[in-house]
Amino acid sequence: MYDFLHRLEIKNFQKRRVGLIENGSWAPTAGRTMACMLAGMKQIETLELLVTIRSSMNTTDVPLLEELADNLLATE
């Protein structure tokens, strides 16, 4: 993920709204790290909702992902 975000930064990724999903079982600080990397890019709105999936996705994660999708699609 670091490589992917670094490439976005190099290509001047900007003017976007992004949502973050982290794997809480093996990388519990990944969401914070990704948010810090995105904060350095121009006009990037990072949604407050951070979805954490532990080990594998289950039915309790579905409502959070739907809420994240709704927030991404919402217009201001």
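This is a predicted model: local features need pLDDT of at least 70, side-chain atom pairs count only at pLDDT 80 or more; totals for chains, interfaces and linings use all residues.
How far from aspartate 61 is the nearest side chain of opposite charge? That side chain, arginine 54, is 7.9 Å away, and aspartate 61 is buried (under 20% relative accessible area) yet has no salt bridge. A salt bridge here requires a side-chain nitrogen of Lys or Arg within 4 Å of a carboxyl oxygen of Asp or Glu.

Residues are numbered from 1 along each chain as its sequence is written, and side-chain values use heavy atoms, without hydrogens and water.

**Confidence**
- The protein chain has a mean pLDDT of 91, with 99% of its residues at 70 or more.

**Aspartate 61**
- Aspartate 61 lies in the loop between strand 2 (44–53) and helix 3; helices (H or I, at least four residues) and strands (E, at least two) are DSSP runs, numbered from the N terminus.
- Beyond neighbours within four places in sequence, aspartate 61 is in contact (heavy atoms within 4.5 Å) with Thr52, Ile53 and Ser56.

**Helix 2**
- Gly31, Met34, Met37 and Leu38 of helix 2 are buried.
- These residues are on the same side of helix 2 because they cover an arc of only 125° around the axis, taken from the directions from the helix axis to the C-beta atoms.
- On the other side, Arg32, Cys36 and Ala39 are exposed, that is, over 50% relative accessible area.
- The buried residues of helix 2 pack against helix 1 (2–10), strand 1 (16–23) and strand 2.

Methods. pLDDT is the predictor's confidence in each residue, from 0 to 100. Buried means under 20% relative accessible area, exposed over 50%, partly exposed in between (1.4 Å probe, protein chains only). Lys and Arg count as positive and Asp and Glu as negative; His and the chain ends are not counted.
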